[in-house]
Structures are given as structure tokens and as C-alpha cells.
Amino acid sequence: MNDLQKTGRIVGLLLLIAMIIGMYSNFALNDPIFGGAGYLVNGLQHRTLFGLNVVADFINSSIGITVAVLVYSKTWRNYPKLSMTYLSVVIVSVAVGLSEQAHFMSLLSLSEQFAKHPALDPQLFDVMKAMISADRNWYHFIGKISGGASLFLLYVLLYRTQFIFRLISLFGMFAAAMQMSGISVEFFSHDLNKMMLYPMGIAHLILIICLLIKGFSEKTPDKHLT
């Protein structure tokens, strides 16, 4: 196994870990917080889950940066501008994601105040809940779009370098574009169609399997396309 293949398999393993952590966070950690009566009532009971959610996101952010650096180290010589753009977008995406977690913790703070002041008008907390939730959600949507942009650039790099089968890269670009388009409708007061997110999950799973089996393939880059 050469160094390029080894790097590809490490990237695949890191992406798999990130996917598992993301699924655990979305279902095992978030469901008890937002289910039933909602976070305003549930938050205080699940304070630990808020903290675990932040830790999970911090780990995934670290994985995202590591993957970007590993890919950059293998692509910057032939594609310096594209590689630097990819790395920069990943950093922006991570920054937005961590900012979202700070706003996520504000949900817990509101839940604590709700429990401390039962005599206050519940409608007051409903208004505050709507405002704080919207604030967190906008960070969430922006983070997902910037994350989709970073994935799109990753697949563009993989297409140009031919580190993986180009058909997989093309599908990944299509899936990332669909994800960004689907989430963007939220900014125009339309509901997100979750069907537009599924291709990205499928593409990412295919990429992970491909990388774990083969790693990055050594091929001649298309320098005339740079």
C-alpha cells in the first residue's frame, strides 16, 4: 500500500466515524430534547445531552478539518487554487457549525429560566422560544449550505484528481448541489423537502466504502483542466 492509498483509507475511516457520530447526535441526543413537549420543557431534564451534542459536533468539526488537510496535502501541487478554496470553505463551515452550537446552548438556558420562573406568563416564553429557535435554525441552515459547498468542492477535487471513480465524484457533486438547493428554499419561506437530502447521504456512504476498500488511486491529473 502506497502513501496515497493509505491517506485515502484514513480519510474514509474519518468520514465513517463522522457519519456515525452525526447519526448518533441527530437521533440519540436530539430526539429526547426536541421530542414530546419540546426543548422548553425537556431541556432541563436532558442537560447532559446538550453538552454531549456540543462535544459530538466539536469532534466532527475536528474530523472535517483533518480530512480537508489530508486531501489538501495530496492535491495542492496540481490544483493549488481549488485545493485552497476547498480548505477555506471547510474552515468557514466549521466556524459556522461551532457558532450554531453556542446558539444551541441558548435553548438550554431558556429551558432553565422557564423552570425557574413558573409564575411568568407562558406566552412570554413562547415568544422567546420562537426567537431563540429561529436564531439557532438560521445558523443551522447556513452551516448546512456551507457544509454542502465544502462537500461539492471535495467531489470536484476527487473528480479532477481521479482519486476515485469519476462516476462517484459526479454523483457526489450532484448530491451536494441538491442538498444546497433543498436547504436554500428555507431562506425564501418554503419548507425543506427532505428527499433532496437523501442523495448526499447515499453518495457519502458510497465514497466511504470506496475509500475504505481502495483508498486514493494513483492517476495522472488533468493539468490541462486547471
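**Figure 1. Crossing of helices α6 and α7 in the predicted model.** Helix α6 passes α7 in a left-handed crossing, a crossing being left-handed if the near helix is turned anticlockwise from the far one by less than a right angle, and right-handed if clockwise. Residues are numbered from 1 along each chain as its sequence is written. The model is predicted, so local features need pLDDT of at least 70 and side-chain atom pairs count only at pLDDT 80 or more, while totals for chains, interfaces and linings use all residues; side-chain values use heavy atoms, with hydrogens and water left out. The axes of α6 (residues 166-184) and α7 cross at roughly 150 degrees and come within 8 Å. That makes α6 roughly antiparallel to α7. Axes are lines fitted to C-alpha atoms, for helices over the stretch in contact, with angles from 0 to 180 degrees between N-to-C directions. Angles under 35 degrees count as roughly parallel, over 145 as roughly antiparallel, 65 to 115 as roughly perpendicular and the rest as oblique. On the α6 side the contact (heavy atoms within 4.5 Å) is made by I168, F171, G172, A175, A176, M178 and Q179, and on the α7 side by P199, M200, I202, A203, I206 and C210. These residues divide into eleven nonpolar, two polar and no charged. Here Ala, Val, Leu, Ile, Met, Phe, Trp, Tyr, Cys and Pro count as nonpolar, Asp, Glu, Lys and Arg as charged, and the others, Gly among them, as polar.

Figure 2. C210 has its place in helix α7. At 10% relative accessibility, C210 counts as buried (buried is under 20% relative accessible area, exposed over 50%, partly exposed in between, with a 1.4 Å probe and protein chains only). Apart from neighbours within four places in sequence, C210 is in contact with I164, I168 and G215. N2 is 208 residues from C210 in sequence, and their C-alpha atoms are 16 Å apart.

**Figure 3. Crossing of helices α1 and α7.** Helix α1 (residues 3-34) and α7 have axes that come within 7 Å and cross at roughly 140 degrees. That makes α1 oblique to α7. The α1 and α7 crossing is left-handed. From α1, the contact involves Q5, G8, R9, V11, G12, L13, L15, L16 and M19; from α7, G201, H204, L205, L207, I208, L211, L212, I213 and K214 take part. Eleven of the residues in the contact of α1 with α7 are nonpolar, five polar and two charged.

Figure 4. H204 is in helix α7 (residues 198-214) and, at 13% relative accessibility, counts as buried. Leaving aside neighbours within four places in sequence, H204 contacts L15, M19, L151 and Y155. Helix α5 (residues 122-161) packs with α7 at an angle of about 40 degrees, and their axes are 13 Å apart. That makes α5 oblique to α7. The crossing of α5 and α7 is left-handed. L151, L154, Y155 and L158 of α5 make this contact with M200, A203, H204 and L207 of α7. The residues in the contact of α5 with α7 comprise seven nonpolar, one polar and no charged.

Figure 5. D57 is found in helix α3 (residues 47-75). Not counting residues up to four places away in sequence, D57 touches G97, L98 and Q101. M131 is 74 residues from D57 along the chain, with the two C-alpha atoms separated by 23 Å. S106 lies in helix α4 (residues 80-116) and is partly exposed, with a relative accessible area of 27%. S106 and I132 are 26 residues apart in sequence and 7.3 Å apart in space, C-alpha to C-alpha.

**Figure 6. Annotated spans and the chain as a whole.** An unreviewed UniProt entry places the feature "transmembrane region" at residues 12-29, 49-72, 84-104, 138-158, 163-183 and 195-213; UniProt positions are given in the numbering used here, feature names are shortened, and annotations may be inferred rather than shown by experiment. Residues 49-72 are 100% helix and 0% strand, with end C-alpha atoms 34 Å apart. Residues 195-213 are 84% helix and 0% strand, with end C-alpha atoms 28 Å apart. The protein chain has seven helices and zero strands; helices (H or I, at least four residues) and strands (E, at least two) are DSSP runs, numbered from the N terminus. Buried residues make up 42% of its 226 residues.
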